[in-house]
There are 2 protein chains.
Amino acid sequence: MGARIEAAASGWDVSPVHLLRPIPGIFSLADLDTSATPGFVGSKSDAVRLMQDRGKRLHTLQEKLYADAVAGNGRAVLLVLQGMDAAGKGGIIRHVLGTVNPEGVDHAPFGVPSSEERQHHFLWRVHKALPRLGHIGVFDRSHYEDVLVARVRRLVPEEVWQGRYCEINEFEDQVADQGTVIVKVAMFISLDEQRQRLLDRLQDPHKYWKFSPRDVDDRLLWPAYRDAYQALLDKTSTEVAPWYVVPSDHKWYSRITVMELLIAALESMNLSWPSASYDIDEEIARLERS
Amino acid sequence: MGARIEAAASGWDVSPVHLLRPIPGIFSLADLDTSATPGFVGSKSDAVRLMQDRGKRLHTLQEKLYADAVAGNGRAVLLVLQGMDAAGKGGIIRHVLGTVNPEGVDHAPFGVPSSEERQHHFLWRVHKALPRLGHIGVFDRSHYEDVLVARVRRLVPEEVWQGRYCEINEFEDQVADQGTVIVKVAMFISLDEQRQRLLDRLQDPHKYWKFSPRDVDDRLLWPAYRDAYQALLDKTSTEVAPWYVVPSDHKWYSRITVMELLIAALESMNLSWPSASYDIDEEIARLERS
C-alpha cells in the first residue's frame with residue numbers, strides 16, 4: 001500500500017522543459033551539479049518504470065508524425081546530442097530512441113570530418129543529414145563540434161569559429177521554419193564519473209573498442225572544452241532551437257529527461273491522425289468483393 | 001512443472017535456415033500453406049517468450065558487428081524484405097529490428113521511384129541505400145519491385161525486366177564479395193488473411209493512412225504477382241544471396257523466423273570483440289593521473 005502511494009506520487013514535479021534551459025548571463029557550467037536530478041521526484045526504479053509508459057507514448061507520437069508526413073505535411077523532429085566522452089549519448093539512443101519504431105528514426109553520427117567534408121562549408125554534411133519528413137532525427141555529436149573541438153584544438157583561426165555561432169543560429173532558424181522541431185541536449189558528467197566510465201571500458205574486453213587514447217587527451221583539455229561549451233550555450237540557445245543542459249551522472253535521470261523533452265516537442269506539434277483520402281465505404285465494398 | 005517441461009521443449013525443431021529456401025523446379029508458390037509454421041515446436045506464447053531472449057542475442061551480435069567495423073573490417077548485413085501488402089514487413093522492422101540498437105540499423109524504404117530515380121538505371125538508388133559498415137541494413141521493399149510491379153503493370157518492355165534477374169544476381173554477388181551478408185525474405189499471407197488485415201485498416205481511424213486503394217487493385221492482380229514472385233524465387237535465390245519464403249499468416253511465426261535468420265547470418269560471420277589498439281596499462285595509468 002505504502003509502495004503504491006509512493007509510486008503514484010513519483011514522477012515530474014516540474015517538467016524538465018522549464019527547468020533545464022540555460023539562461024545567458026546567469027547559467028554557469030562551472031557551477032553545474034552533474035549529480036542533480038532537477039524536477040524528478042522519485043527513485044531510479046520509479047524512473048525505470050516510468051520509462052516504459054513514456055516509451056509507449058513516444059512510440060505513438062512518432063507514428064502520428066509519420067502518418068502526418070504521409071498525409072503531405074512536411075514535419076520532423078531533430079534531437080541534437082552533445083556532451084563529454086562517456087556522458088551517455090549512446091545510452092540515450094539505445095534506451096530512449098529504442099522505444100520508437102526503427103523505421104521512424106534517422107540516426108546521424110558526426111565523426112571526424114572526411115577530407116571531402118573538410119573541403120566544404122562546415123554545414124554541408126549537416127544539411128545532408130537532416131531527418132526525413134515524419135522522422136525523428138538524432139545527431140550523435142553535430143555541427144557543434146565545429147565550435148568545440150575546432151576551437152579547443154585550434155583547427156581553424158579564431159575569426160572562423162567566432163563567425164560560426166551566427167551561422168549556426170541562422171541555419172537552425174531555416175530548419176525550424178521548414179517545419180522541423182529542434183531539441184538540443186548537452187550532457188555533462190563530473191570528471192570523477194567520467195574517469196570511472198572510461199576505466200570500465202579499459203577493464204572489459206567487450207568494451208576496448210569504445211575507448212580511444214584521445215578520450216584521455218580530451219579530459220586534460222576539459223577547462224578549455226568547458227569554456228567552449230559555456231560560449232556555445234550562451235550564444236546558440238534560441239527560442240526555436242533551445243538547449244537543455246542535462247546533468248548526467250545518473251544515467252536513469254538523463255534518459256527519462258530526454259524522453260520527456262522529445263515527448264514535449266512532439267506534443268507541441270498538435271499532431272492528429274490524418275483522415276482518409278479515399279471513400280471508406282467504397283473501399284470496404286471493393287475489398288469484400290475482391 | 002508440466003508447463004516448465006513444455007516451455008523447455010519448445011523452440012526450433014529444425015532451423016528455418018534449412019527449411020525455407022525455395023528449391024528451383026520444386027518449390028511452387030501456388031501450393032504454399034501460408035498458415036504453416038515450419039520447424040517451430042510450440043505455441044504463440046512460447047515464440048513471444050523466445051523473442052525476448054533471441055532479441056538480446058541479436059542486439060549483442062549487432063554490437064559485435066559494429067565493433068568489428070570500428071576495428072577496420074568492412075562488413076555489414078543486408079535484410080531484404082519483400083511481400084504482399086499487409087504481409088507484416090512493418091511488424092518485422094518494429095519487433096525484430098526493434099531489439100537492436102537504433103544506431104546499428106540502416107532502414108531504407110523503397111517507394112515508387114522519383115522522376116530522378118526513373119532516369120537512372122534501376123539499381124542506382126539501391127547502391128546508394130546499401131548499409132554502412134557495421135550496420136544491419138533493411139530494405140523495406142527493394143530492387144525486386146523492378147521485376148514485380150514493373151513486370152505485372154508493364155512499366156517497362158519484357159526484354160528489359162527479363163534482363164534484370166541476371167543484373168540483380170551480379171549486383172548481389174558484388175555486394176556479398178565486399179563483405180555484406182545478404183538475407184532475403186519473402187513474406188506471403190492468404191488472400192483471406194490479407195482481406196482481414198486491410199479491413200482492419202479501413203475500420204480504425206488511426207490506420208486510415210496505412211491504406212491505399214492501390215492495395216485492392218494489387219489484390220485483383222494477385223495471379224500475375226504470384227507468377228512474378230515464382231519467377232523471382234526461381235531465378236534469384238543464389239548461394240550468396242538466398243531467398244527464404246516465410247509463411248506469414250501467423251505474425252509471431254514470421255517474426256521469430258526472421259529473428260533466427262538474422263542471428264544465423266551474423267553467427268556465420270564469426271565475429272569477435274576487437275582487441276585493444278592501444279596499450280591498456282599505459283592508458284589506465286594516464287587515466288588515473290588525469
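Mentor: Let us begin with one residue: Asp217(A) is partly exposed, with a relative accessible area of 29%. Please keep in mind that this is a predicted model.

Trainee: With which residue does the side chain of Asp217(A) meet in a salt bridge?

Mentor: The general idea is that side chains of opposite charge can pair when their charged atoms come close. In this case the partner of Asp217(A) is Arg286(B), at 2.3 Å from N to O. The pair crosses between chains, since Arg286(B) lies in helix H13 of chain B and Asp217(A) in helix H10 (residues 213-220) of chain A.

Trainee: Is Arg286(B) buried or exposed?

Mentor: Arg286(B) has a relative accessible area of 18%. Buried means under 20%, so Arg286(B) is buried.

Trainee: How many salt bridges are there between chain B and chain A?

Mentor: There are 4 salt bridges between these two chains. Another pair joining the chains is Glu63(A) with Lys210(B), whose closest N and O atoms are 3.5 Å apart. On the side of chain B that touches chain A, H13(B) gives the most, with 6 residues.

Trainee: How is the extent of such an interface expressed?

Mentor: The size of an interface is often given as the accessible area lost when the parts come together. Here chain B and chain A bury about 4300 Å² between them, and 65% of this is on carbon and sulfur atoms. Within chain B, the residues that lose the most area to chain A are Trp209(B), Tyr278(B) and Leu287(B), together 17% of what that side buries. Counted by residues, the contact takes 45 from chain B and 45 from chain A.

Trainee: How is the relation between the two copies described?

Mentor: Two copies of a chain are related by a rotation about an axis and a shift along it. The same surface serves both copies, as 100% of the contact residues of chain B recur in chain A.

Trainee: Which residues of helix H10 of chain B are buried?

Mentor: In helix H10 (residues 213-220) of chain B, the buried residues are Asp215(B), Val216(B), Asp218(B) and Arg219(B). Seen down the axis of H10(B), these residues fall within an arc of 160°, so they line one face of the helix. Their cover includes helix H13 (280-289) of chain A, together with helix H9 (191-202) and helix H11 (222-236) of chain B.

Trainee: What does a salt bridge within one chain look like?

Mentor: Consider Glu267(A) and Arg57(A), whose closest N and O atoms are 3.0 Å apart. This pair links distant parts of the chain, 210 residues apart: Glu267(A) is in helix H12 (residues 251-267) of chain A and Arg57(A) in helix H3 (residues 44-70) of chain A. Glu267(A) is partly exposed at 37% relative accessible area, and Arg57(A) is partly exposed at 33%. Salt bridges can also form a network, as they do for Asp85(A), Arg141(A) and Glu145(A).

Methods. Residues are numbered from 1 along each chain as its sequence is written. Chains are lettered from A and ligands numbered from 1 in the order in which they are written. This is a predicted model: local features need pLDDT of at least 70, side-chain atom pairs count only at pLDDT 80 or more; totals for chains, interfaces and linings use all residues. Side-chain values use heavy atoms; hydrogens and water are left out. Contact means heavy atoms within 4.5 Å. Buried means under 20% relative accessible area, exposed over 50%, partly exposed in between (1.4 Å probe, protein chains only). Helices (H or I, at least four residues) and strands (E, at least two) are DSSP runs, numbered from the N terminus. The arc is that of the directions from the helix axis to the C-beta atoms. Buried area is the accessible area (1.4 Å probe) that two parts lose on being put together, summed over both.
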